[in-house]
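I opened my notebook to write down what I looked up in this structure. The entries follow in the order I made them.

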Amino acid sequence: MDGGTVGHGARLTADLSRVRLAVCMPLSSGKIDVALDESLCNSLELCARYGMTFTKHTLVGSSLVGFAREQLAQSALRSNPTHILMVDDDMAWDDAELIARLIAADHDLTGVAGVRK
């Protein structure tokens, strides 16, 4: 890694060393899917190598996902993040650079549709 820069071809580069990411996960059952754990760990380890810092925010047991996300966003904002990532407990991804590339895209709001299991 070169000084905190991530890129995808010549079009997408960003310095992640100033990023403070709040990762928010509503956990209906209190359990994280094994695939999510692996995806998130791989991505956040990579992002840490780019110099990015992150905090984790979870809320267990809420059957109202909208309410849970609202509570998590409020909690995340208290940690003074530059970015917030909402991840459901049954999500997973193969590309460890996914989070870094989403942040590097530099949009105010980004959404990714997950594959239905």
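This is a predicted model: local features need pLDDT of at least 70, side-chain atom pairs count only at pLDDT 80 or more; totals for chains, interfaces and linings use all residues.

**Methionine 52.** I looked up methionine 52 and found it buried, because its relative accessibility is 3% (buried is under 20% relative accessible area, exposed over 50%, partly exposed in between, with a 1.4 Å probe and protein chains only). Residues are numbered from 1 along each chain as its sequence is written, and side-chain values use heavy atoms, with hydrogens and water left out.

Where does methionine 52 sit? I found methionine 52 in the loop between α1 and β4 (53–60). Helices (H or I, at least four residues) and strands (E, at least two) are DSSP runs, numbered from the N terminus.

Next I listed what methionine 52 touches, leaving out residues up to four places away in sequence: Leu16, Ser17, Val19, Leu21, Leu44, Cys47 and Ile103. Contact here means heavy atoms within 4.5 Å. I also noted that methionine 52 and alanine 100 are 48 residues apart in sequence, with their C-alpha atoms 9.1 Å apart in space.

**The core.** Which residues of the largest nonpolar core touch the most other members? They are Leu16, Leu21, Leu40, Met52 and Ile99, out of 21 residues. β3 (20–27), α1 (34–49) and α3 (98–104) each supply at least two residues of this core, and α1 gives the largest share, five residues. For the term itself, a nonpolar core is a set of buried Ala, Val, Leu, Ile, Met, Phe, Trp, Tyr and Cys residues joined through side-chain atoms within 4.5 Å.

**Strand β3.** I checked how covered β3 is: seven of its eight residues are buried, so the rest of the structure largely encloses this strand. β3 and β4 run parallel and are joined by eight bridges (two strands pair if DSSP finds at least two bridges between them). In that pairing, valine 23 stands opposite lysine 56 in β4.

**Cysteine 41.** I found cysteine 41 in helix α1. Its C-alpha atom is 8.7 Å from that of alanine 96, which is 55 residues away along the chain.

**Salt bridges.** How many salt bridges does a search of the whole structure find? I got two, a salt bridge being a side-chain nitrogen of Lys or Arg within 4 Å of a carboxyl oxygen of Asp or Glu. One joins the side chains of arginine 69 and aspartate 88 at 2.8 Å, N to O. That pair links distant parts of the chain, with arginine 69 in helix α2 and aspartate 88 in the loop between β5 (83–86) and α3, 19 residues apart. The other joins arginine 101 and aspartate 95 at 2.4 Å, N to O. Arginine 101 is partly exposed at 22% relative accessible area, and aspartate 95 is partly exposed at 33%.

**Whole chain.** Last, I zoomed out: the protein chain has three helices and five strands, in the order β-β-β-α-β-α-β-α from the N terminus. Of its 117 residues, 30% count as buried.
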